Amino acid sequence: MKVKPVQEIEEALAPVAAAVGVEIYEVVFKQGKNPSLTVYLDTEAEGGIDLDTCERFHNAADPVLDELDPTFGQAYTFNVSSPGLDRPFKKDRDFLRNIGKKVELKLYAPRKGEKNFEAVLLAYDPDARCVEVDKAGDVFKLNLTQIVKISQAIDFD
């Protein structure tokens, strides 16, 4: 199935997201027997993304997608969702929002014998594509190419 570029879809939906008061975290198109377009929403607002927010975005985005016709007339399912609490950082804003917070890191190669650990994110340099973290007093930098996944640490108190 021929599909318009995800970036084009995201750009078309960005004004809808702004009108609803959310940001687009990611746009994913899955091909196959049941093709689907999923838009993951994010917000800094208290309470995060709820079902009502997803529904408001879905209803507002439908006419925009009809106009854009991302699949050139082919049928697909349109989904709207939250990326979840344990979502990996993908964009600069994800890193910047979490400076000073505890994060979970998974590395490609062990550092001091560990591939998985928690640390506080101290800094992010988008130009150098690296982070600075504090793991129990051990402050060090990691290049993003060394990191499999970095996400906000979830404390279950």
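Trainee: How many salt bridges does the structure hold?

Mentor: Happy to start there. This is a predicted model, and the structure holds 13 salt bridges. Take Glu26 and Lys90 as an example: their closest N and O atoms are 3.3 Å apart. Glu26 belongs to strand β1 (residues 23–30) while Lys90 sits in the loop between β3 (77–81) and α3, so this pair ties together parts 64 residues apart in sequence.

Trainee: Is Glu26 buried, exposed or partly exposed?

Mentor: Glu26 is partly exposed, because its relative accessible area is 22% and buried means under 20%. Lys90 is partly exposed too, at 42%.

Trainee: Which residue meets Asp138 in a salt bridge?

Mentor: That is Lys112, with an N to O distance of 3.1 Å. This pair links distant parts of the chain, with Asp138 in strand β7 and Lys112 in the loop between β4 (102–111) and β5, 26 residues apart. Asp138 counts as partly exposed at 22% relative accessibility, whereas Lys112 is exposed at 66%. Another pair is Lys135 with Glu114, at 3.0 Å between the closest N and O atoms. Here strand β6 holds Lys135 and strand β5 holds Glu114, 21 residues apart.

Trainee: Which residues are linked in a network of salt bridges?

Mentor: The network joins Glu23, Asp42, Glu44, Arg87, Arg93 and Arg97.

Trainee: Now pockets, please. What volume does the largest pocket have?

Mentor: First the idea: rolling a probe the size of a water molecule over the atoms shows where empty space is left. In this model, the largest pocket has a volume of about 400 Å³. Of its 19 lining residues, those closest to the centre are Asp42, Thr43, Leu85, Arg87 and Gln152. Two of these names, Asp42 and Arg87, also belong to the salt-bridge network. Strand β2 (36–42) and helix α3 (92–97) are the elements that give two or more residues to the lining.

Trainee: What is the phi of Arg129?

Mentor: The general idea is that most residues other than glycine have a negative phi. Arg129 has a positive phi of about 55° although it is not a glycine. Arg129 lies in the loop between β5 (114–125) and β6 (130–135), and counts as partly exposed at 37% relative accessibility.

Trainee: And where does Ala136 lie?

Mentor: Ala136 is in the loop between β6 and β7 (138–143). Its phi is positive, about 55°, although Ala136 is not a glycine. At 85% relative accessibility, Ala136 counts as exposed.

Conventions:
Residues are numbered from 1 along each chain as its sequence is written. This is a predicted model: local features need pLDDT of at least 70, side-chain atom pairs count only at pLDDT 80 or more; totals for chains, interfaces and linings use all residues. Side-chain values use heavy atoms; hydrogens and water are left out. On a 1 Å grid over the protein atoms alone, a cavity is a set of points where a 1.4 Å probe fits but cannot get out, and a pocket is an open set with protein on both sides within 12 Å along at least five of seven lines; lining residues have an atom within 4 Å of a point. Grid points are joined across faces, edges and corners, and a volume is the space filled by probe spheres set on the points. Helices (H or I, at least four residues) and strands (E, at least two) are DSSP runs, numbered from the N terminus. Buried means under 20% relative accessible area, exposed over 50%, partly exposed in between (1.4 Å probe, protein chains only). A salt bridge is a side-chain nitrogen of Lys or Arg within 4 Å of a carboxyl oxygen of Asp or Glu.
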